[in-house]
Amino acid sequence: MAPWGERLAGVRGVLLDISGVLYDSGAGGGTAIAGSVEAVARLKGSRLKVRFCTNESQKSRAELVGQLRRLGFDISEGEVTAPAPATCQILKERGLRPYLLIHDGRPVRSEFDQIDIINPNYAGESFSYQNMNNAFQVLMELENPVLISLGKGRYYKETSGLMLDVGPYMKALEYACGIKAEVVGKPSPEFFKSALQAIGVEAHQLLSM
């Protein structure tokens, strides 16, 4: 295997995942993974451009960044690429009024404050069987149904153990409605392209972790 110096030749930027890479979420704000705070500090002190990418679908960027800073990370909200604001941009561009299937009382709801959710779509404020069924009914009633997902991960890790991610619920609605979801978060190529554009780096100049 080539030495790190050779492997990094031509690399101008780094995309860093957050959950499970920098920290494990959980009660009390989660815990930083050993060495991750120091690794981020070294990267930001180097010549490389750094961007943080997350499929976080429960916290707003502000809450996530605040939590990471309390764990010792040097990170700002403007350095984070997340699916909720990217989805908002799509909704505005297409003039869509979404049914929001989100977790009850979670701060990620604030990311959608400027989005029109008036009839015919109803914004469900909690993630439950009833609201999954409501989302199914909304999609089945539309002539051209659109299902947008903030990712398609199967599960993620918290300090208490593994937790179901958004992917299984997305697949349930795809199967029930006979449609294909548009994935805005990872692993969508457009998601990573938006992160690259934010730091002005081409894909061949990138190291992803």
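Phenylalanine 127 sits in the loop between α4 and α5 (129-141). In this predicted model, phenylalanine 127 counts as partly exposed because its relative accessibility is 26%, which falls between the 20% limit for buried and the 50% limit for exposed.

**Nonpolar cores**

- The largest nonpolar core has 19 residues, and the ones that touch the most other members are Leu16, Ile18, Phe52, Leu68, Phe73 and Ile75.
- If you want to find this core by its secondary structure, look at β1 (13-17), α2 (36-44), β4 (49-53) and α3 (61-70), as each of these gives two or more residues to it.
- Phe73 makes a handy example: leaving out neighbours within four places in sequence, it is in contact with Leu22, Ala32, Ser36, Val37, Val40 and Leu68.
- There's also a second, separate core, made of 12 residues, with Tyr99, Leu139, Leu147 and Leu173 among them.

**The second largest pocket**

- This pocket holds about 310 Å³ of space.
- Its lining is made up of 19 residues, and Ala86, Val184, Glu190, Phe191 and Ser194 are the ones nearest its centre.
- Two or more lining residues come from each of β5 (80-81), α4 (83-94), β9 (182-183) and α7 (189-199).
- The top contributor is α7, which supplies 6 residues.
- Sorted by class, you get 9 nonpolar, 6 charged and 4 polar residues in the lining.
- Both domains take part here: domain 1 (13-82 + 187-199) and domain 2 (84-183) each provide at least three of the lining residues.

**The cavity**

- How many cavities of 30 Å³ or more does a search of the whole structure find? The search turns up 1.
- The largest cavity contains about 40 Å³ of space.
- Around it you'll find Thr54, Glu56, Lys59, Ser60, Arg61, Leu64, Ala82, Ala84, Val108 and Glu111.
- That lining splits into 4 nonpolar, 4 charged and 2 polar residues.
- Which domains does the lining of the largest cavity draw at least three residues from? They are domain 1 (13-82 + 187-199) and domain 2 (84-183), with at least three residues from each.

How values were computed. Residues are numbered from 1 along each chain as its sequence is written. This is a predicted model: local features need pLDDT of at least 70, side-chain atom pairs count only at pLDDT 80 or more; totals for chains, interfaces and linings use all residues. Side-chain values use heavy atoms; hydrogens and water are left out. On a 1 Å grid over the protein atoms alone, a cavity is a set of points where a 1.4 Å probe fits but cannot get out, and a pocket is an open set with protein on both sides within 12 Å along at least five of seven lines; lining residues have an atom within 4 Å of a point. Grid points are joined across faces, edges and corners, and a volume is the space filled by probe spheres set on the points. Helices (H or I, at least four residues) and strands (E, at least two) are DSSP runs, numbered from the N terminus. Ala, Val, Leu, Ile, Met, Phe, Trp, Tyr, Cys and Pro count as nonpolar, Asp, Glu, Lys and Arg as charged, and the others, Gly among them, as polar. Domain bounds come from an automatic or database domain assignment. A nonpolar core is a set of buried Ala, Val, Leu, Ile, Met, Phe, Trp, Tyr and Cys residues joined through side-chain atoms within 4.5 Å. Buried means under 20% relative accessible area, exposed over 50%, partly exposed in between (1.4 Å probe, protein chains only). Contact means heavy atoms within 4.5 Å.
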